[in-house]
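The entries below follow the order in which I checked things.

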Amino acid sequence: MDMVIDSPVDLSGVLASWTWAPGWDLLVLLAVSAYAVLAGRSVRRGARWPVGRSAAAGSAALALVLTMNGPLAVFAPALFWVHMLQHLMLIMVVPVLVVYAQPLRLWRTVSAPRATARGRWFQRPVTSPMATIPLYAAVLAGTHLTGFQEVMLGHMWVHEFESALYLVTGYLLFGGLVGADLWPWRLPYLVRFATLGLTMGIDAFVGVVLMLTSDPIAPAFASRHPGWGPGALADQSAAGAVMWFGGDGLMMILMIATAIEWGRAGAKEQSLGSWLEGIRSRELLGHLDVGEYVALGDVDDDDDDRALRTYNAMLARLHGSGDAGPQPRTQDEAPSR
């Protein structure tokens, strides 16, 4: 990253500043194409695919293109606070939009569910809050409160690694906290709300440390805007403010959205008992083949009738393969709660 901006530009110049990120643009093109193909197959198989999820996917692609090609990408190598804005886009905004697009649910509707189930031994520990929260904290602190930024400014491959790391970290964290995708962990709303509050503390800690540190962590930023930009410490303090107020502001929006979903949810959605029941229902889903899954429609794991149909479809498949197993239940025979 050897870009140096010799002179300041006005607002129109900023908005007209664009660069080229062929690797990221190719990734976006492939991801959007794959999503469109899977959504088309889902519709042809009779499964509903809401327009809102496709809109979220398109918004995620647009946000990533703007982040990696637009003014943020142009000025990020010269201004630490702009680089911090780019970080928030990569670790929060884009991943949250991807989660709302529900790619896992889309994949499940057009592929064999048992193939997804076989990967759960790997998915569950990686997506557990006990892993994703420490990962989020380690990534934010490790890339901002050490000499990482100085190294990143001298090596383009480190910058690309950093961007990919933020996207993956954000997706793993927010996959279980927002939206309704088929995530291995479906946490109760109270736990989601508390986790978002905890991550706000992480953002605030990193931001405050940057604002209070008396030595520049990445002095190379100042050398990339000679004569016109803020000094190293002023730029670093501004970056800390962006992380603190910007990160906490975005987290607050997610907390409000979670609170609204929590209020709209039924009583059983709000209890820990429903969380355990949801785990049972999703385990049943894992035994269905794709034809049975699509026949059931867009299954709501917490709906008693559909969960019962899921159970009976699994038993019917086992019976057809010669495994006697238990007999299908009727609604009256369904397990009591």
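Entry 1. Are α9 and α11 roughly parallel or roughly antiparallel to each other? I found them roughly antiparallel, because angles over 145 degrees count as such, while those under 35 count as roughly parallel, 65 to 115 as roughly perpendicular and the rest as oblique. Their axes cross at roughly 155° and come within 9 Å. I took axes as lines fitted to C-alpha atoms, for helices over the stretch in contact, with angles running from 0 to 180 degrees between N-to-C directions.

I noted the ground rules here. This is a predicted model, in which local features need pLDDT of at least 70 and side-chain atom pairs count only at pLDDT 80 or more, while totals for chains, interfaces and linings use all residues. Residues are numbered from 1 along each chain as its sequence is written, and side-chain values use heavy atoms, with hydrogens and water left out.

Entry 2. I looked up the overall make-up. The protein has 16 helices and zero strands; these are DSSP runs numbered from the N terminus, helices being H or I of at least four residues and strands E of at least two. Of the 337 residues, 45% are buried, where buried means under 20% relative accessible area, exposed over 50% and partly exposed in between, with a 1.4 Å probe and protein chains only. I also checked contacts (heavy atoms within 4.5 Å). Among those between residues at least 6 apart in sequence, 78% join residues at least 24 apart.

Entry 3. I went back to α9 and α11 for the details. The crossing of α9 over α11 is left-handed, that is, the near helix is turned anticlockwise from the far one by less than a right angle, clockwise being right-handed. On the α9 side I listed Thr132, Ile133, Leu135, Tyr136, Val139, Thr143 and His144, which meet Glu162, Leu165, Tyr166, Thr169, Leu172 and Leu173 of α11. By class this contact has eight nonpolar, four polar and one charged residues. Nonpolar here covers Ala, Val, Leu, Ile, Met, Phe, Trp, Tyr, Cys and Pro, charged covers Asp, Glu, Lys and Arg, and the others, Gly among them, are polar.

I then picked out Thr132, which sits in helix α9. Is Thr132 buried or exposed? Thr132 is buried, because its relative accessible area is 3%. Leaving out residues up to four places away in sequence, Thr132 touches Val126, Thr127, Leu172 and Leu173.

Entry 4. I looked for the nonpolar core, meaning a set of buried Ala, Val, Leu, Ile, Met, Phe, Trp, Tyr and Cys residues joined through side-chain atoms within 4.5 Å. The largest one holds 48 residues, and Leu64, Tyr136, Phe174 and Met251 touch the most other members. Elements giving two or more residues to this core include α2 (22-44), α3 (51-69), α5 (80-101) and α13 (232-264). The largest share, nine residues, comes from α5. I followed Leu64 and found that it touches Trp24, Val28, Leu90, Val94 and Leu167, not counting residues up to four places away in sequence. A second, separate core of nine residues includes Leu38, Ala57, Ala101 and Val110.

Entry 5. I compared two further helix pairs. The axes of α5 and α13 are 7 Å apart at an angle of about 20°, so α5 is roughly parallel to α13. Their crossing is right-handed, and the contact has 17 nonpolar, three polar and two charged residues. For α2 and α6 (residues 103-110) the angle is about 50° and the axes are 9 Å apart, so α2 is oblique to α6. This crossing is left-handed. Tyr35, Leu38, Ala39, Arg41 and Ser42 of α2 make the contact with Pro103, Leu106, Trp107, Thr109 and Val110 of α6.

Entry 6. I ended on two loop residues. Gln102 lies in the loop between α5 and α6 and has a phi near 55°, a positive value in a residue other than glycine. Gln102 is buried, with a relative accessible area of 8%. Ala180 lies in the loop between α11 (156-174) and α12 (189-212), and is partly exposed at 37%. Ala180 touches Gln102 and Arg105, not counting residues up to four places away in sequence. Its C-alpha atom is separated by 8.0 Å from that of Val99, 81 residues apart along the chain.
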